[in-house]
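Hi,

Here is the structure I promised to pass on. Have a look at it first, and then read on for my notes.

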Amino acid sequence: MSQSLARLCVHLVFSTKHRECLLLDSIRKDLHAYIATVLKNMECPALIINSVEDHIHILLDLNRTISISYVMEHVKKTSSKWLKTQSQALAKFGWQAGYGAFAVSESNIPAVRKYIEAQQEHHHKMTFQEEYRAFLTKNRISYNERYVWD
């Protein structure tokens with residue numbers, strides 16, 4: 001083949017450090033827009049971004065030349081620096097060290113979009129920890145509970 005083609009949709013999930021409730025309504029829309037711009041500049045366009053107070057979900061098209069770990073490092077670093085400038089209450093903001101990355105097939109994109117859109121409603125019934133464990137189990141990812149949370 002003379003051309004390399006790929007479409008890799010990835011659902012990313014990560015939380016604030018110690019799951020602190022810092023992603024308030026007053027900053028959320030701007031944060032999503034900021035992260036969307038960072039991803040667009042990396043040629044990894046976001047299909048949807050949504051968050052609740054302690055964590056964020058991003059569905060994106062991963063550029064075939066960039067690793068997920070690089071995307072996460074860059075998104076966390078730049079958004080953390082940006083958040084720290086938004087208010088005194090966010091001056092010491094940090095994201096958790098880890099993240100979850102889950103492949104999404106083309107046929108499941110609408111369902112994942114709907115799931116991400118409904119985060120506020122969803123978390124009236126389930127905590128972030130319960131949600132994240134369910135993702136890991138559903139995707140058959142083995143983990144040690146001791147190292148999942150920071």
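Is Glu43 buried or exposed? Glu43 is exposed, because its relative accessible area is 57% (buried means under 20% relative accessible area, exposed over 50%, and partly exposed in between, with a 1.4 Å probe and protein chains only).

Before the rest, a word on what you are looking at. This is a predicted model, where local features need pLDDT of at least 70 and side-chain atom pairs count only at pLDDT 80 or more, while totals for chains, interfaces and linings use all residues. Residues are numbered from 1 along each chain as its sequence is written, and side-chain values use heavy atoms, with hydrogens and water left out.

(Helices, H or I with at least four residues, and strands, E with at least two, are DSSP runs numbered from the N terminus.) Its phi is near 60 degrees, a positive value in a residue other than glycine. Most residues other than glycine have a negative phi. Arg19 is not a glycine either, yet has a positive phi of about 55 degrees; you'll find Arg19 in the loop between E1 and H1.

**The cores**

The largest nonpolar core has 25 residues, and Leu39, Ile58, Leu60, Val71 and Leu83 are the ones that touch the most other members. (A nonpolar core is a set of buried Ala, Val, Leu, Ile, Met, Phe, Trp, Tyr and Cys residues joined through side-chain atoms within 4.5 Å.) At least two residues of this core come from each of strand E1 (8-15), helix H1 (25-41), strand E3 (55-62) and helix H2 (68-84). Leaving out residues up to four places away in sequence, Leu83 touches Leu23, Ile27, Leu31, Leu90, Phe93 and Trp95 (contact means heavy atoms within 4.5 Å). There is also a second, separate core of eight residues, with Phe102, Tyr132, Leu136 and Trp149 among them.

**Helix H5**

Which residues of H5 are buried? They are Phe128, Glu131, Tyr132, Phe135 and Leu136. They cover an arc of only 135 degrees around the axis, so they are on the same side of H5 (the arc is that of the directions from the helix axis to the C-beta atoms). An α-helix has 3.6 residues a turn, so residues three or four places apart point the same way. The face of H5 turned away from the buried side carries exposed Thr137 and Lys138. Among the elements covering the buried residues of H5 are E1, E3, E4, H3, helix H4 (119-122) and helix H6 (145-148).

Arg28 is in helix H1 and counts as buried because its relative accessible area is 6%. Not counting residues up to four places away in sequence, Arg28 touches Leu23, Ser51, Val52, Glu53 and Gln120. His32, also a residue of helix H1, is buried at 12% relative accessible area. With the sequence neighbours up to four places away left out, His32 touches Ile49, Asn50, Ser51 and Ile56.

Gln120 belongs to helix H4 and is partly exposed, at 32% relative accessibility. Its contacts, again without residues up to four places away in sequence, are Arg28, Asn50, Ser51 and Val52. Gln120 and Asn50 are 70 residues apart along the chain, and their C-alpha atoms are separated by 9.0 Å.

**Pockets**

What is the volume of the largest pocket? About 340 Å³. (On a 1 Å grid over the protein atoms alone, a pocket is an open set of points where a 1.4 Å probe fits, with protein on both sides within 12 Å along at least five of seven lines; lining residues have an atom within 4 Å of a point. A volume is the space filled by probe spheres set on the points.) Of its 15 lining residues, His11, Val112, Phe135, Lys138 and Asn139 are the closest to the centre. H5 gives the largest share of the lining, four residues.

The second largest pocket has a volume of about 180 Å³. Its lining includes Cys21, Val52, Glu53, Gln120, His123, His124 and Phe128.

Cheers
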